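The following paragraphs lead the reader through the packing of several helices and then turn to a pocket. Please keep the structure in view while reading.

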Amino acid sequence: STLFYIGEDVHAACRHLERVIASEALRAARTSFIDELLDVTDPWIACHAYQAWALWLRGESDAARRMSDRAMDLAGELGHPFTRALTLSFDTWLCQFEGDVEATGRRAADALALASEQGFGFWIGWAETMLGWAEAAGARHADGVARMREGLAHWRAVGSELGQPYFLTLLASVLADAGDLAAARAALAAGEEVAARNG
């Protein structure tokens, strides 16, 4: 996941993720500690979700879709809410990568419902931001931008910075589409600052 976020070598990230996904030892060991997972995620399933993103960035969009669907199926089988929230939330990004506004909105709404029900503040901010993007990219621009800003505020309030540059880029995109170039530039500058500070 670190290699993925640094962004220098998505192929290296894929190789590491493939090794984890292929590890039957890790898969078997999960059952011994899953009851202890509260607000952390199942690492084996999380690697499937990260691999979906990495595959998409390598141009393997069909494989990415299959991997993300598998991650969501596995999380459903596991019955662990935080892991389920991760897979739904990660799939919002993949839907957005694919340019599917409606699917992004549906998946974000599902993620938001689960996160709100379980009190997962981390995923609430993520889902609100992505649901806002879907609204802004669709027919409800002003409402969507407001929801994106609310989601980002929630995201920051729980101390989250990872992913902020992407969220801010999405915000800049919908602002630019509406002709608000000054606000779009400010969002991009904020994203660049977070990326530079965190590497």
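Are H4 and H5 roughly parallel or roughly antiparallel to each other? In this predicted model, helix H4 (residues 43-57) and helix H5 (residues 61-78) pack at an angle of about 165°, and their axes lie 8 Å apart. Angles over 145 degrees count as roughly antiparallel, and H4 and H5 are therefore roughly antiparallel to each other. The crossing in which H4 passes H5 is left-handed. On the H4 side, the contact is made by Trp44, Ile45, His48, Ala49, Gln51, Ala52, Leu55 and Trp56. H5 contributes Ser61, Ala63, Ala64, Met67, Ser68, Arg70, Ala71, Leu74, Ala75 and Leu78. Sorted by class, the residues of this contact of H4 with H5 comprise 13 nonpolar, four polar and one charged.

H4 also packs against H6, here at an angle of about 5° and with the axes 9 Å apart. Since angles under 35 degrees count as roughly parallel, H4 and H6 are roughly parallel to each other. From H4, the residues Ile45, Ala46, Ala49, Tyr50, Ala52, Trp53 and Trp56 take part, and they meet Thr83, Leu86, Thr87, Phe90, Trp93, Leu94 and Phe97 in H6. The contact of H4 with H6 has twelve nonpolar and two polar residues, with no charged residue.

H6 in turn packs with H10. The angle between H6 and H10 is about 40°, and their axes are 13 Å apart. That angle makes H6 oblique to H10, and the crossing of the two helices is left-handed. Trp93, Gln96 and Phe97 of H6 make this contact with Tyr166, Phe167 and Leu170 of H10. Five of the residues in the contact of H6 with H10 are nonpolar and one is polar, while none is charged.

Which elements give two or more residues to the lining of the largest pocket? The pocket itself holds about 490 Å³ of space. Its lining consists of 18 residues, and Phe4, Tyr5, Ile6, Leu162 and Pro165 are those nearest the centre. The elements that give two or more residues to this lining are helix H1 (2-6), helix H6 (81-97), helix H10 (164-177) and helix H11 (181-198). With four residues, H1 gives the most to the lining. By class, the lining of the largest pocket is made up of twelve nonpolar, five polar and one charged residues.

How values were computed:
Residues are numbered from 1 along each chain as its sequence is written. This is a predicted model: local features need pLDDT of at least 70, side-chain atom pairs count only at pLDDT 80 or more; totals for chains, interfaces and linings use all residues. Side-chain values use heavy atoms; hydrogens and water are left out. On a 1 Å grid over the protein atoms alone, a cavity is a set of points where a 1.4 Å probe fits but cannot get out, and a pocket is an open set with protein on both sides within 12 Å along at least five of seven lines; lining residues have an atom within 4 Å of a point. Grid points are joined across faces, edges and corners, and a volume is the space filled by probe spheres set on the points. Ala, Val, Leu, Ile, Met, Phe, Trp, Tyr, Cys and Pro count as nonpolar, Asp, Glu, Lys and Arg as charged, and the others, Gly among them, as polar. Axes are lines fitted to C-alpha atoms, for helices over the stretch in contact, and angles run from 0 to 180 degrees between N-to-C directions. Angles under 35 degrees count as roughly parallel, over 145 as roughly antiparallel, 65 to 115 as roughly perpendicular and the rest as oblique. A crossing is left-handed if the near helix is turned anticlockwise from the far one by less than a right angle, and right-handed if clockwise. Contact means heavy atoms within 4.5 Å.
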